[in-house]
Amino acid sequence: MSHEMDPASPPAPTPGKRKLRSQLWFDNPENPGMTALYIERYLNFGLTPGELRSGKPIIGIAQTGNDLSPCNRHHLELAKRVRDGILAMGGVPMEFPVHPIQETGKRPTAALDRNLAYLGLVETLYGYPLDGVVLTTGCDKTTPACIMAAATVNIPSIVLCGGPMLNGWHNNERTGSGTVVWKSREDLAAGNIDYEEFMEIVTSSAPSVGHCNTMGTASTMNALAEALGMTLPGCAAIPAPYRERGQIAYETGRRIVDMVWEDLKPSDIITREAIENSIVVNSAIGGSTNATIHINAIARHAGVPLQIEEWETIGHKIPLLVNMQPAGKYLGEEFHRAGGVPAVIAQLMEKGHIRENAMTVNGKPIGQNNKGRKIGDPDVITPIETPLRTDAGFIILKGNLFDNAVMKTSVISEEFAKRYLSNPTDPGAFEGRAIVFEGPEDYHHRIDDPSLEIDEHCMLFIRGTGPIGYPGGAEVVNMQPPTALIKKGVHALPCIGDGRQSGTSASPSILNASPEAAAGGGLALLKTGDRVRIDLHKRSANIMISEAELNERRTVLHAHGGFKYAGNQTPWQEIQRSMVDQFDEGMVLKPAVKYQRVAQS
Ligand code: FES
Ligand code: MG
């Protein structure tokens with residue numbers, strides 16, 4: 001794919017049309033002393049004064065890859081091709097690190113660091129002589145952290161996804177990252193496999209560089225970056241090791257230089273229309289429930305109004321088109337070969353689901369970029385006439401347990417639907433006895449405790465796992481039933497909590513409950529043994545006790561000092577807990593939201 005041949009790239013504009021932001025640092029005759037100081041140290045890696053003072057765009061490469069972040073480490077290589085592209089268009093590349101975030105490596109949660117990486121990147125983009133930036137994305141939180149910062153600062157910005165790993169295989173079956181862990185731990189618990197085989201299966205799912213190859217949060221957020229218009233068309237799905245990945249890194253580097261001359265900024269791209277497109281695409285790809293948190297955060301930093309209920313009003317009726325784990329069968333390589341995000345958007349356009357005029361980083365509207373993009377394999381991306389499921393988007397429940405919580409209905413299994421949703425006189429509703437766990441450690445200690453008498457008529461609750469309770473929010477709501485129950489063939493109980501769930505899990509949990517127990521939510525009042533009624537048709541979730549008794553419990557809780565959760569271990573935990581919003585509000589830092597388009601301020 002060459003720049004000249006790519007129909008998605010407009011012709012390069014004539015450089016030098018406008019004064020660049022970096023010239024405030026590097027070419028300011030009114031303050032020669034400061035200009036000299038700003039310039040001199042940047043010369044010592046070989047740049048010439050001419051390069052810095054001639055009004056060439058200075059392009060940052062926000063590097064999220066490092067040894068601590070293996071999902072994104074490939075960007076260390078890709079950045080070389082980004083540089084080549086920037087240089088080819090007359091820009092000056094300057095690469096700098098982003099605070100590391102590794103989903104599987106960070107304690108207590110990687111989500112705690114999304115806002116920290118955001119803050120660091122805002123300061124870097126604002127405080128240094130950058131005219132534009134290439135955001136390298138991949139692992140779950142790296143993508144929203146980068147886009148949130150770009151929205152806040154509002155200099156020309158383009159996303160380069162790192163791409164998924166190659167497909168994993170074990171015994172001639174696909175092993176999808178994350179998803180295989182949830183499945184295999186059941187087999188391990190049931191005694192079907194031993195510890196060694198468990199390790200072998202799980203590690204087979206990570207066969208190359210790249211991020212999770214399932215439609216977990218990483219593939220989801222990169223697909224949504226493309227749906228938002230923040231990547232070149234087709235960028236999200238290219239597997240990390242494929243040659244096209246290096247090629248699109250080069251094209252991305254070229255394109256950001258043009259974007260600087262065109263002054264095409266995140267505020268031109270991340271509009272209400274773009275946000276709506278991301279919600280629609282999320283339903284069609286079977287995307288992660290974590291997308292609600294991250295897209296809401298991006299919308300808030302971009303100044304786009306968005307309510308959590310709109311995930312249902314905009315997204316629920318959209319059909320599922322992508323047959324990818326955890327909702328389906330395939331992995332990242334097949335998704336790419338089948339046409340990736342452009343083929344999905346083209347299908348959605350046929351039914352008028354896409355806001356086609358939303359602008360994208362290549363300077364063209366999303367409709368124009370994706371119109372007529374073909375499906376390469378209809379088993380992987382289905383035509384919209386024959387979707388895998390209708391009404392595949394999330395539903396939003398509410399009641400006395402929480403103001404709102406999210407449920408991904410596209411992963412409800414036949415077994416689950418038969419057991420809980422097929423009461424002929426009351427379809428879609430079920431009642432059960434609550435078993436309440438105070439966080440993941442408590443769950444692991446007590447789930448197999450016979451005195452709890454957990455049977456298939458129970459619902460598992462977990463609390464103290466939201467943005468404040470377990471700083472950043474723990475991915476723990478998809479709780480496995482007790483071993484004894486799994487051995488009887490019960491693979492899933494209804495799970496409800498104020499934490500999150502891995503995007504790679506196929507559990508139809510009710511999660512992201514807001515407000516969380518630690519912020520005064522009704523979950524804090526629940527007791528093991530309470531009857532709880534969930535009605536998916538009415539979108540309700542209630543403890544079956546009177547208002548008076550709820551108030552009584554609330555009074556007692558307050559008298560005992562409120563809901564208890566573990567103390568802070570680091571300064572950042574304390575700082576974030578003191579100012580973080582709930583999941584439905586994007587888990588943003590409340591004081592940060594008022595700072596918008598700061599490069600223009
Ligand atoms: Fe990094 Fe899944 S753990 S992408
Ligand atoms: Mg995750």
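**Strand pairing and a helix pair**

Author: Starting point: T137 has C161 in β4 as its bridge partner. Bear in mind that this is a predicted model.

Reader: OK. How many bridges join β3 to β4?

Author: Five bridges join them. Strand β3 covers residues 132-137, and it runs parallel to β4.

Reader: And what order do the strands of the sheet come in?

Author: The order is β2-β1-β3-β4, four strands in an open sheet with parallel pairing.

Reader: Which strands stand at the edges?

Author: β2 (92-97) and β4 (157-161) do. Each has a single partner strand, so one side of each has no neighbour in the sheet.

Reader: What does the twist average?

Author: From one strand to the next, the average is 25 degrees.

Reader: Switching to helices. At what angle do α6 and α13 pack?

Author: The angle is about 10 degrees, and the axes are 8 Å apart. Helix α6 spans residues 142-153 and helix α13 spans residues 290-302. Angles under 35 degrees count as roughly parallel, so α6 is roughly parallel to α13.

Reader: Is the crossing left-handed or right-handed?

Author: The crossing of α6 and α13 is right-handed.

Reader: Which residues make the contact?

Author: From α6, they are P144, I147, M148, A151 and T152. From α13, they are H294, A297, I298, H301 and A302.

Reader: How many of those are nonpolar, polar or charged?

Author: The contact of α6 with α13 has seven nonpolar residues, three polar ones and no charged ones.

Technical notes: Residues are numbered from 1 along each chain as its sequence is written. Chains are lettered from A and ligands numbered from 1 in the order in which they are written. This is a predicted model: local features need pLDDT of at least 70, side-chain atom pairs count only at pLDDT 80 or more; totals for chains, interfaces and linings use all residues. Axes are lines fitted to C-alpha atoms, for helices over the stretch in contact, and angles run from 0 to 180 degrees between N-to-C directions. Helices (H or I, at least four residues) and strands (E, at least two) are DSSP runs, numbered from the N terminus. Angles under 35 degrees count as roughly parallel, over 145 as roughly antiparallel, 65 to 115 as roughly perpendicular and the rest as oblique. A crossing is left-handed if the near helix is turned anticlockwise from the far one by less than a right angle, and right-handed if clockwise. Two residues are in contact if their C-beta atoms, placed from the backbone, lie within 7 Å. Ala, Val, Leu, Ile, Met, Phe, Trp, Tyr, Cys and Pro count as nonpolar, Asp, Glu, Lys and Arg as charged, and the others, Gly among them, as polar. Two strands pair if DSSP finds at least two bridges between them.
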